[in-house]
Every structure is written in C-alpha cells, then in structure tokens.
Amino acid sequence: MTTLITNIQELLQVRETSIAKVSGSEMAKLPTIKNAFLILKDNLIEDFGSMDNLPKINADQIIDATGKVVLPSWCDSHTHIVYAGNREQEFVDRINGLSYEEIANRGGGILNSAKKLNDSSEEEIYEQSKIRLEEVMHLGTGAVEIKSGYGLTVDGELKMLRVIQKLAENYPIAIKATFLGAHAFPLHYKDDKAGYLDEIINEMLPEISKNKLADYVDVFCESGYFSVEETEKIMEAGLAFGLKPKIHVNQFNSIGGIQAGVKFNALSVDHLEVMNPEDIQALKDTETMPVALPSCSYFLSIPYTPAREMIKAGLPLA
Ligand SMILES: [Zn+2]
C-alpha cells in the first residue's frame, strides 16, 4: 500500500540521516521543506522532498495537503496516566497553603493515589485509564511511556503494569512500561525501609521480569523518599533483570541523583527543577537524556527546570 501526500505547505523535522538526539544550539534549528511531498509505503516513510522533484509513482492513495503542515507525532517519555480516582482535594489543600511535603505527610499525594488504586479492580483502572490514553492520542501523541508506582504493593504494582500491557495490546500507539515501585514508601514500611527495598528487589522485580511487564525501572530519588544509595540498589537490581533505569531526580533537592543516574547509564533523568552547576556538568557527554516536566511545575506551583541554562551548556533536553 503506497500513500502519497502532495502540496504540503511545510514538512517539518526532515533530516537526510537519522540521529539519536539534538543538543545545545542545534535544538534551535528545525529543518523543514516548503511545498513538499511525502511518500509512505506500508506505513513507513519511503521518500520526501520538494514538489518540484516529485517522482512519477502509482500511489494507492493520494492526500492533497494544500495549506497544511505535516509533522511527526509527539513522543511523551514520562506519564502517570494509569491511576484510580483523582486528587482534586489536594488543590484545596494547596490553595490553603499546604506544601507538597505537608500534603504527603497527611497521607495525601502518592499514598492517597496508592490507597485508591489498591481499592480499585483491574477492570475499573483500565476503564478509567483508557479514556486518558484516548485523549493523549487525540492531541497528536504517537508514542507514550506509562509508569506504575501507585500500587506500592506486589499486587498493586503488577495490577498497574497489566493495565499498561492491556492498553498496549488494544490501542494502535507505541507504549513503553516503566516499573516505579520505588515511588514512595508505603505506610506499613514507614519504619522499615530496607524491608520495602527487599520487597521491590526480591518480590516485585522477579515477577515483573517473568511476565515481561516492564521495559524500564524508575525510582523517586529525593529527600524523604529514596536516598541515592537506595536508588543505586534498585537501578542495579533492575539492570540485572534487563530493565534500563530512567529516574525521578532533583525535583525538590539536589542530592546526587543525577550523578547516580549517569553512573548507571540511565536512559533519562527526569524533573530537574533544582539544578546546581555540578548537576549540569555531570550530564555533559553522557548517554543520559535530561527531561523537563513543565506541567508538573505548573500543577504544583514549584520552580521550572532551568531549560535555557541547560541548553546553553550544550545539553540535549526532552
Ligand atoms: Zn513522574
């Protein structure tokens, strides 16, 4: 099946060769072709260029894109769209002046989501989550990563990952699953952190690996959550099960999470609202992709990732 798109007003993000990433000042360049064509064969791009060079082909389908732009779909590398219920009450708490930390200490935040998730059936969670996935797709996203992390129990985490797997089976969008059992310490492990680490490493990870339920392993490396040492232990265990790390770091404090991520060759370090010069330096010339989450800053009223500073330093940024 061959599809020809003609008269494209502007074709975006065209490159002669395939590249893994763009960094620093290169990010300001967006290669485009005006008045372009694009040829697809069996859903893969076969050719593109200026309409002046349009080859003679017998297309099965021709789409006239006069006055329209053609661009790649979005790729969302960090989402939590599988969850149960909502945390609307926490907007009121924040308006009343409570911080993220104070809300968390009252059993809100992640632990509140975990309670709701563990009280919901797999079917209920699937039904709620598929609506959000459909919204994401309608907004032009063509590939999405989805995390667990609201179970914080063996059953809850596996339940979330099975929902992600079912979404991947039922929807025509590329989905990667990330295991985030280390999102917070559940209440019953509040005074036994080593016990929860043991559950993650020796109970959750083997079961996830056996059932091929995740592509990546994630940790919330932050004061009051998982220390750098605990984060390293989980990344190491994840790697042993073939799960590459991508981790939450530097959201509220810079405690060395970026350096730990780089050390374990993490695919990405995400959040980065609080960045020291050493943190930016540590990311230079590494395979680890820095990821900013500006809508999280907006949602929580916390500082934004110093994106311009990082790009100026020559880093790539997702
Ligand atoms: Zn996150």
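User: Why is L158 called buried?

Analyst: L158 has a relative accessibility of 10%, and buried means under 20% relative accessible area, with exposed meaning over 50% and partly exposed lying in between (1.4 Å probe, protein chains only), so L158 counts as buried. This is a predicted model, in which local features need pLDDT of at least 70 and side-chain atom pairs count only at pLDDT 80 or more, while totals for chains, interfaces and linings use all residues. Residues are numbered from 1 along each chain as its sequence is written, and side-chain values use heavy atoms, with hydrogens and water left out.

User: Where does L158 sit, and what does L158 touch?

Analyst: L158 belongs to helix α5, residues 154–170, where a helix is a DSSP run of H or I with at least four residues and a strand a run of E with at least two, numbered from the N terminus. Not counting residues up to four places away in sequence, L158 touches E207, I208 and L213, contact being heavy atoms within 4.5 Å.

User: What makes H78, H80 and H248 donors of the zinc ion?

Analyst: Each histidine coordinates the zinc ion through its NE2 atom, at 2.1 Å, and donors are N, O and S atoms within 2.8 Å of the metal (3.2 Å for Na, K and Ca), so these atoms qualify, although water is not among the atoms and sites may look incomplete. The donors follow the spacing H-x1-H-x167-H along the chain. H80, in the loop between β6 (74–76) and α1 (89–95), and H248, in strand β10 (residues 244–249), are 168 residues apart, and the pair links distant parts of the chain. H248 is buried, with a relative accessible area of 3%.

User: Why are α6 and α7 described as they are in direction?

Analyst: Helix α6 (residues 193–210) and helix α7 (residues 228–240) pack at an angle of about 10°, with their axes 10 Å apart. Angles under 35 degrees count as roughly parallel, over 145 as roughly antiparallel, 65 to 115 as roughly perpendicular and the rest as oblique, and α6 and α7 are therefore roughly parallel to each other. Across this contact, K193, L197, I200, I201 and L205 in α6 meet E230, K233, I234, A237 and G238 in α7, and the residues divide into six nonpolar, one polar and three charged.

How values were computed. Axes are lines fitted to C-alpha atoms, for helices over the stretch in contact, and angles run from 0 to 180 degrees between N-to-C directions. Ala, Val, Leu, Ile, Met, Phe, Trp, Tyr, Cys and Pro count as nonpolar, Asp, Glu, Lys and Arg as charged, and the others, Gly among them, as polar.
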